[in-house]
Amino acid sequence: KDMSYDRYTRFRADGKIGKVPTVKLAEKSTDYFVMYRNGQSRLDNLSYEYYGDAGYDWLILMANPEYDLEYNIPDGTIIRIPYPLDVTLDDYNYKIDRYNALYGA
């Protein structure tokens, strides 16, 4: 099986990872909305359930920017799962390219 998308590849230089910007992911009519349950839900498990790969938990967190870390998501919160994955990654990459063009890598 292929490895998960490595979002850090574009920010590595000289063996170090530079600033990785947060971008706003556009909401789509195909997105899913699920209730987050403390002690039951985990973003890596939701990533696996919706994408078939546990490595996109960061993407789900980025789609819910009001929470900087998973443990800050209150119990019972409805969170957005950006879907489908390929369209969401295209959106992410486009916005990273725009960020880099404006501010430099």
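What is the volume of the largest pocket?

Author: The largest pocket has a volume of about 270 Å³. Volume here is the space filled by probe spheres set on grid points, with points joined across faces, edges and corners. A pocket is an open set of points on a 1 Å grid over the protein atoms alone, where a 1.4 Å probe fits and protein lies on both sides within 12 Å along at least five of seven lines. Lining residues have an atom within 4 Å of a point.

First, the ground rules. This is a predicted model, in which local features need pLDDT of at least 70 and side-chain atom pairs count only at pLDDT 80 or more, while totals for chains, interfaces and linings use all residues. Residues are numbered from 1 along each chain as its sequence is written, and side-chain values use heavy atoms, leaving out hydrogens and water.

Back to the lining. By class, eight residues are nonpolar, two polar and four charged. Nonpolar covers Ala, Val, Leu, Ile, Met, Phe, Trp, Tyr, Cys and Pro; charged covers Asp, Glu, Lys and Arg; the others, Gly among them, are polar. Helix H2 gives the most to this lining, with four residues. Helices (H or I, at least four residues) and strands (E, at least two) are DSSP runs numbered from the N terminus.

Next, the core. The largest nonpolar core has 24 residues, and Leu43, Leu46, Tyr51, Leu59, Ile79 and Tyr92 touch the most other members. Such a core joins buried Ala, Val, Leu, Ile, Met, Phe, Trp, Tyr and Cys residues through side-chain atoms within 4.5 Å. Buried means under 20% relative accessible area, exposed over 50%, and partly exposed in between (1.4 Å probe, protein chains only). Strand E3, helix H1 (43–51), H2, E4 and H3 each give two or more residues to this core. H2 gives the most here too, with five.

Take Leu43, in helix H1. At 2% relative accessibility, Leu43 is buried. Beyond its neighbours within four places in sequence, Leu43 is in contact (heavy atoms within 4.5 Å) with Tyr36, Asp57, Ile60, Leu61, Glu70, Ile73 and Ile79. Leu46 touches Val34, Ile60, Ile79 and Ile81, not counting residues up to four places away in sequence.

Now the rings. There are five aromatic pairs. Rings of Phe, Tyr and Trp (its six-membered ring) pair if their centres lie within 6.5 Å; planes under 30 degrees apart count as stacked, over 60 as edge-to-face and the rest as tilted. Tyr32 and Tyr83 are edge-to-face, 5.0 Å centre to centre with 70° between the planes. Tyr32 lies in strand E3 and Tyr83 in the loop between E4 and H3, so the pair ties together parts 51 residues apart in sequence. Tyr32 is partly exposed at 37%. Tyr83 is partly exposed at 27%. Trp58 and Tyr92 also pair edge-to-face: 5.1 Å centre to centre, 65° between the planes. Trp58 sits in H2 and Tyr92 in H3, so this pair ties together parts 34 residues apart in sequence. Both Trp58 and Tyr92 are buried.
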